[in-house]
Each structure stands twice: as structure tokens, then as C-alpha cells.
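Open the model in your viewer and keep the selection panel at hand. This tour goes stop by stop.

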Amino acid sequence: MADLLDWIDECKFLVEHSQPQVATGKLTRVAGLVMEAVGLKLPVGSVCTVVQKGAPPLEAEVVGFNGDKLFLMPATDVHGMTPGAKVIAQEPPPIAPKLGVKAHPWRRPEDKTKHLPVGDSLLGRVVDSNGRPLDTLGELKFEKRSPLAARPINPLEREPITEPMDVGVRAINALLTVGRGQRIGLMAGSGVGKSVLLGMMARYTKADRVVVGLIGERGREVKEFIEQILGEEGLKRSVVIAAPADVSPLLRMQGAAYTQIVAEHFRDQGHNVLMIMDSLTRYAMAQREIALAIGEPPATKGYPPSVFAKLPTLVERAGNGRKGGGSITAFYTVLTEGDDQQDPIADSARAILDGHIVLSRQLAESGHYPAIDIEQSISRAMHNIVPAGHLNAARGLKAAFSKVQRNRDLITVGAYSPGADPQLDHSLALYPKIENLLQQSMLESASFDEALAGLQSLFPNEFKNDKH
């Protein structure tokens, strides 16, 4: 009897510590950015490893299928791959619960997507799309991993946007007030100062944590943004995820998703988070590359329909958490080709975001920084978070600024006679002070109260009956 019990214990030990059979397939085709494999049945989003003799392992993700064929998107270059290379699923299927066998610690039966490090150990660090350090500060000592795939909070469970957030930029605080938990698009062409404006907000915003995602930008700009724009003080409370333009479209999309889950982790801890993603357009372009590679037909200006489905899926994950929790205030940069505000990505972003800030090339060329075009910009949550006096004064300033801009040509050539239009005369008298209010050095911080005081000095009558 004792021998039988020992034999049973030995069998249990062997079963509990056995390695399950690994599902494998083989590579049949490589065409451009996409690889095809057969012999595996995996859900979209699963991670695989392509192994072949004489070459390092290649990580790939399932991005689609057609019958028995899986479409894989590689994370790195496919140079050297040959037909018949072995494709191994990284996440083996779970053991059936009825067998009563414990799953191994590295197995996640409930979730087959990639898990990446999150937490306070990332503060002050620069990492890539896989959570690996890009700086020289050593290995990460993280406490937790979170899945890349996540769902947004039920909109009815979210805390409404009721409090303004101080972003440290006078023009935004005064005229385009951003609420805590709001999502704003920063629309700009190339070379008009969007990176500088992002750096100012990262340094001066009154947020507990700052998460910056540099998606699809030039590799040179990553170091410049960290050292020259973000600065040492800004980096201390920040996490920077960099997926530059030379990495695969899969890693660029993963970098955006990783930026989001890091911000969500801090929000779930009760922190108020500022999330900056530069840029949303590069994220859309990465999805376009993947979609076209697997055969999806192009639609609007070469963008397949899946691009416009992916954008709200990403954006809707930002915002306020549940009542009593933290928040994610998000700024997404949107590159407008040729300064065209009707660019399909810009147009889509305006529809799904809670406001947009447009940077003007004309203002930038005239030395007006930050080059915010207050006529084309809007904050959709401002009317819910500021008192009536502040809102009316902001409208009055926009009206005065617009009045001068519309009559600038007449004034320049001397065709306007003072006294002909009392409203224009009043706007011209205020215009130098308006310009001073709207301009700000990148090394200058302007608090919300300072911005409000500057606005009140220009339109004191609007604040007289303000009870707040």
C-alpha cells in the first residue's frame, strides 16, 4: 500500500511539473511587412516566436487570418527568414480545469495578450515599446505587469469633468481651459513649435504623474525632447515610452498602447495623470501600414476603415476614472499635412476628442510663441469648469483678437480711419496687451491664477457679477 501511495505521489509530482506540448506551425510566405504561417490556430493579438537555425528568434503578432493561414506582423526585420521556419505560440493553451492541475506561474490562461511592466519604478526612465530601458540607468525593477489589451471604463461610471487643470501655459489656462480628465488634440504642421509646447506642459502642469509617448518621431528628437524640452526636473515625475520611426509599425502601435496602460495604472492608483502622445497621426499611419499589408482596401486618402475604428478605441481609454479615483488628462498631437485642417486624421480626431488646439504657421513665422490660433481652437469642457465671468471674458478677448485680424490689411495700408468703427478702435487699443497675454517663453511658467488675473485686467466688467 505504501508503494502505491508513493507511486501516486510521484505521478502527481510529474504531472504538476510537466511541460505541456507546445503548439507549432511553419512559415510559408513573407511578403513585404506580413508573414504567413500554417499549422496554428491562434486568436488575433496572440504573440508568436519564429525560430530558424542560424538566425536569432523573431517575435511576431497575429494581426489577421484567412482560412487556415495566419497573418503575422514581425516586431523586427525579417532578413534571413526562409520557408518552413518554425512558428511557436508564446502562450500555450491552459490545462483543462477538470484535471485539477495547477497552471505554471508563467502561464496566463485568462489572457493571451502581451503583459508589460508598469508602476513607480518607471518614473524617471525612458523605455521602448516592450518596456526595456533605453537609458543607461540599469535594469527595471518593476512590481507589476499589465496586459496591453484593456477596455475603457463604462462611461456612466466615470467621474464628470468638473475641475480645471493648470497646464502652466497662459493662453491655454485663460482662453482654452482644460479640465481634469479631458482629451485634447494639438493640431499642427511640422516646425511650428508643438514639441516645445508639449514640453512646457510636461514641466509646468499640476499633475502627479506625466506619461509621454513618442510614437513614430525621429530618433534624434527623442533625446532632444528629453534633455532640452522636458528637462531633468520634468523627467523625475515622468515616464517616457519611445517608439521612433525606424521601428516596425507593430512596435509603434504597441508603444501607443503601452503609453496608455502606464497612464491607466497611475490613474487606478488615484493619481492625476498628464498623458502626452506625440503623435496620434503616426499611430494611425502604423495601423494603415499593417492594414494595407494584410489586404484591407484603402478608403479616405489611402487610410483603410480600420484606422478610423482604432482611433476611438485608443482615445476612449483616457479620461477620468471612477468616482473618487484618479484621472488621465490627455494631449494628442495631430500632424496636418500641408497645414490642412481637413486632413482625414485631423478631422476624425476633432470628432472624438474633447477639444483641439491649432498651432498657426503664420503666427510662428511672425515670432509669436506659443503659436496658438485662438480663433480655430476650442475647449469643449470649458463651459462646465469655469465661472460665467471667465467664460465671457475669454469670448470677449477672442472677439477683439478676431476683429483686428479681419481688418489687418486695411490698417496696414492706412485705409482705416480711427473713429469709423468704435469696436475696432477698442480692439486696437487692447491688442498689444492681448498679444502679451498670449505669448510666453518656453522657460516661463504661468499658473492658472496668473492667467486669470491677466484676463481680468483686460475685461474687468465681465467679472463683476461673478459669484465664484
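What follows is a list of selections, with what is found at each.

**Before you start**

This is a predicted model: local features need pLDDT of at least 70, side-chain atom pairs count only at pLDDT 80 or more, and totals for chains, interfaces and linings use all residues. Residues are numbered from 1 along each chain as its sequence is written, and side-chain values use heavy atoms, with hydrogens and water left out.

**Stop 1: the whole chain**

Select everything. The C-alpha trace spans about 110 × 50 × 40 Å along its principal axes. The protein chain holds 14 helices and 17 strands. Both are DSSP runs numbered from the N terminus: helices are H or I with at least four residues, strands are E with at least two. Of the 468 residues, 51% count as buried. Buried means under 20% relative accessible area, exposed over 50%, and partly exposed in between, with a 1.4 Å probe and protein chains only. Now consider contacts, meaning heavy atoms within 4.5 Å. Among those with a separation of 6 or more, 70% are between residues 24 or more positions apart.

**Stop 2: the nonpolar cores**

A nonpolar core is a set of buried Ala, Val, Leu, Ile, Met, Phe, Trp, Tyr and Cys residues joined through side-chain atoms within 4.5 Å. Which residues have the most contacts inside the largest core? Select Ile-172, Leu-175, Phe-331, Ile-357, Ile-372, Leu-397 and Leu-455; the core has 62 residues. Its largest share, seven residues, comes from helix α11 (residues 388-406). Next, zoom in on Phe-331. Beyond its neighbours within four places in sequence, Phe-331 contacts Val-167, Val-178, Ile-184, Leu-198, Met-201, Leu-274, Met-275, Ile-276, Met-277 and Ile-357. A second, separate core has 52 residues, including Leu-116, Met-253, Ala-257 and Tyr-283.

**Stop 3: α3 and α4**

Two packed helices are described by the angle between their axes and the distance between the axes. Axes are lines fitted to C-alpha atoms, for helices over the stretch in contact, and angles run from 0 to 180 degrees between N-to-C directions. Select α3 (residues 194-204) and α4 (residues 219-236): the angle is about 5 degrees and the axes are 9 Å apart. So α3 is roughly parallel to α4. Angles under 35 degrees count as roughly parallel, over 145 as roughly antiparallel, 65 to 115 as roughly perpendicular and the rest as oblique. From α3, Ser-195, Val-196, Leu-198, Gly-199, Ala-202 and Arg-203 make the contact; from α4, Phe-225, Ile-229, Leu-230 and Gly-234 do.

**Stop 4: α7 and α8**

Move to α7 (residues 305-315) and α8 (residues 344-352). Their axes come within 11 Å and cross at roughly 40 degrees. That makes α7 oblique to α8. Show Val-307, Phe-308, Leu-311, Pro-312 and Val-315 of α7 with Pro-344, Ile-345, Ser-348 and Ile-352 of α8, which make the contact.

**Stop 5**

Select Ala-286, in helix α6 (residues 280-293). Is Ala-286 buried or exposed? Ala-286 is buried, because its relative accessible area is 0%. Outside four places in sequence, Ala-286 contacts Pro-249, Arg-252 and Met-253. Draw a C-alpha to C-alpha distance from Ala-286 to Ser-402: 38 Å in space, 116 residues in sequence.

Finish at Ser-427, in helix α13 (residues 422-438). Ser-427 counts as buried, because its relative accessibility is 5%. Show Ala-400, Lys-403 and Val-404, which Ser-427 touches when residues up to four places away in sequence are not counted.
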